[in-house]
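Biologist: I would like a close look at a single part of this model, with the cut-offs behind each term spelled out as you go.

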Amino acid sequence: QVNLVESGGGVVQAGEPLRLSCVVSGITIRDRPVGWFRQASGKGREIVASVPIDGLEPKYSDRVRGRFTSSRDNAQNTVYLHMNSLNSEDTAIYYCHLFPLNNASAGYWGQGTQVTVSS
């Protein structure tokens, strides 16, 4: 059984940093790209950062580029999202997503972690 468990969310003041973690079990992440998504109340889910396999550069949405950094620790089967200069527009539930390897395989989602930025 594959499980993704996000943690590290909480309530922070605008401008403060936060680091999210996503621990994956039941499958190795070494050869699979991972993404960080978020969903604000009343809005659709959007991707904010990719966590590609080693050797490839991560990509970020325009809304977070320069403030967020994604990384992975394959030995710990964990991915991270380092968030700096948070503002109220970053308030959302953050999800990690393990992308499918191909059309015949499945992708997986975590349950999400709430990030609330107070101004």
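Is Tyr95 buried or partly exposed, and what is the relative accessible area of Tyr95?

Modeller: This is a predicted model, in which local features need pLDDT of at least 70 and side-chain atom pairs count only at pLDDT 80 or more, while totals for chains, interfaces and linings use all residues. Residues are numbered from 1 along each chain as its sequence is written, and side-chain values use heavy atoms, with hydrogens and water left out.

Tyr95 is buried, with a relative accessible area of 10%; here buried means under 20% relative accessible area, exposed means over 50%, and partly exposed lies in between, computed with a 1.4 Å probe on protein chains only. The ring of Tyr95 is paired with that of Trp109, and because the centres lie 6.3 Å apart with the planes at 85 degrees, this pair is edge-to-face. For such pairs, rings of Phe, Tyr and Trp (its six-membered ring) must have their centres within 6.5 Å, and planes under 30 degrees apart count as stacked, over 60 as edge-to-face and the rest as tilted. Tyr95 belongs to strand S8 and Trp109 to strand S9, 14 residues apart, so that the pair links distant parts of the chain; strands are DSSP runs (E, at least two residues), numbered from the N terminus. Trp109, for its part, is partly exposed, at a relative accessible area of 38%.

Both of these rings also carry a charge: the charged end of Arg45 sits over the ring of Tyr95, 3.8 Å from its centre, and likewise over the ring of Trp109, 4.6 Å from its centre. A charge is taken to sit over a ring if NZ of Lys or CZ of Arg is within 6 Å of the ring centre and within 35 degrees of the ring normal.

Tyr95 and Trp109 form one aromatic cluster with Phe37 and Phe99, and a search of the whole structure finds three aromatic pairs. One of them joins Phe37 and Phe99, a tilted pair with 6.2 Å from centre to centre and 50 degrees between the planes. This pair, too, links distant parts of the chain, since Phe37 lies in strand S4 (residues 34–39) and Phe99 in the loop between strand S8 (92–98) and strand S9 (108–109), 62 residues apart. Phe37 is buried, at 12% relative accessible area, whereas Phe99, at 24%, counts as partly exposed.

How values were computed. Helix = DSSP H or I, 4+ residues; strand = E, 2+ residues; numbered from the N terminus.
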